[in-house]
Amino acid sequence: MKSELADSERAEASALAAELRIVIGALRRRLGEQADAGDLTSAQKSVLLRLERDGPTTGSALARAEAMRPQSMGAIIAALEAAGYVAGAPDPSDGRQTILSLTDHFRDWVSAARTARQDWLLRTLQARLTAQEQRQLAGAVKLLKRLLDS
């Protein structure tokens, strides 16, 4: 009996994990639709996120961090510079190197995109969920945060 219960609980947890993965993926896509991501490739987005998270760095350091050939990273950086999202400046300690950083134009663009996603989510929560359902969702968010802490 105990084994059957454990098997049943395992099956329920497995179904929950699959459904949660699908729902979170769909929510991410919907949020992504709310802000124009432009024509950025996934590699370009990854480089921009790395610069945002880790701060200014060289192209070679970016290539190592992203596990890319320096030539491939050079093409990505050139496209991001042309879009006005990244700018380079001489490294004060080694003039042969260029330190890449995000531009104010990029930061403004990201801020507007995040605001658009936040506004969509707020409007959707208010339009589709009751106050009680919003409180339930807040409890679920706490549980999701616990999953991330593991």
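This is a predicted model: local features need pLDDT of at least 70, side-chain atom pairs count only at pLDDT 80 or more; totals for chains, interfaces and linings use all residues.
Tyr 85, at 10% relative accessibility, counts as buried. Phe 106 is likewise buried. Ring pairs link these residues, Tyr 85, Phe 106 and Trp 109, into a cluster.

The whole structure contains three aromatic pairs. In one of them, the ring centres of Tyr 85 and Phe 106 are 5.5 Å apart and the planes meet at 65 degrees, so the arrangement is edge-to-face. Tyr 85 belongs to the loop between α4 (70-82) and β2 (86-91), whereas Phe 106 belongs to helix α5; the pair therefore ties together parts that are 21 residues apart in sequence. Tyr 85 also forms an aromatic pair with Trp 109, and this one is stacked, with 5.1 Å from centre to centre and 25 degrees between the planes. Because Trp 109 lies in helix α5 and Tyr 85 in the loop between α4 and β2, this contact ties together parts that are 24 residues apart in sequence.

## Strand pairing

Strands β2 and β3 pair in the antiparallel sense over six bridges. They form a hairpin with two residues between them. Asp 91 has Asp 94, in β3, as its bridge partner.

Strand β3 (residues 94-102) is also joined to strand β1 (residues 57-58), through two bridges and in antiparallel orientation. Here Thr 58 stands opposite Ile 99 of β3.

## The largest pocket

The largest pocket has a volume of about 1,500 Å³. Its lining comprises 41 residues, and those nearest the centre are Ile 24, Leu 27, Arg 28, Leu 31 and Leu 121. By residue class, the lining divides into 27 nonpolar, three polar and eleven charged residues.

Helices α1 (2-33), α2 (42-54), α5 (104-128) and α6 (131-148) each supply at least two residues of this lining. The largest share, 13 residues, comes from α1. Helix α5 contributes to the lining of the pocket and also carries Phe 106 and Trp 109, both members of the aromatic cluster.

Technical notes:
Residues are numbered from 1 along each chain as its sequence is written. Side-chain values use heavy atoms; hydrogens and water are left out. On a 1 Å grid over the protein atoms alone, a cavity is a set of points where a 1.4 Å probe fits but cannot get out, and a pocket is an open set with protein on both sides within 12 Å along at least five of seven lines; lining residues have an atom within 4 Å of a point. Grid points are joined across faces, edges and corners, and a volume is the space filled by probe spheres set on the points. Helices (H or I, at least four residues) and strands (E, at least two) are DSSP runs, numbered from the N terminus. Ala, Val, Leu, Ile, Met, Phe, Trp, Tyr, Cys and Pro count as nonpolar, Asp, Glu, Lys and Arg as charged, and the others, Gly among them, as polar. Rings of Phe, Tyr and Trp (its six-membered ring) pair if their centres lie within 6.5 Å; planes under 30 degrees apart count as stacked, over 60 as edge-to-face and the rest as tilted. Buried means under 20% relative accessible area, exposed over 50%, partly exposed in between (1.4 Å probe, protein chains only). Two strands pair if DSSP finds at least two bridges between them.
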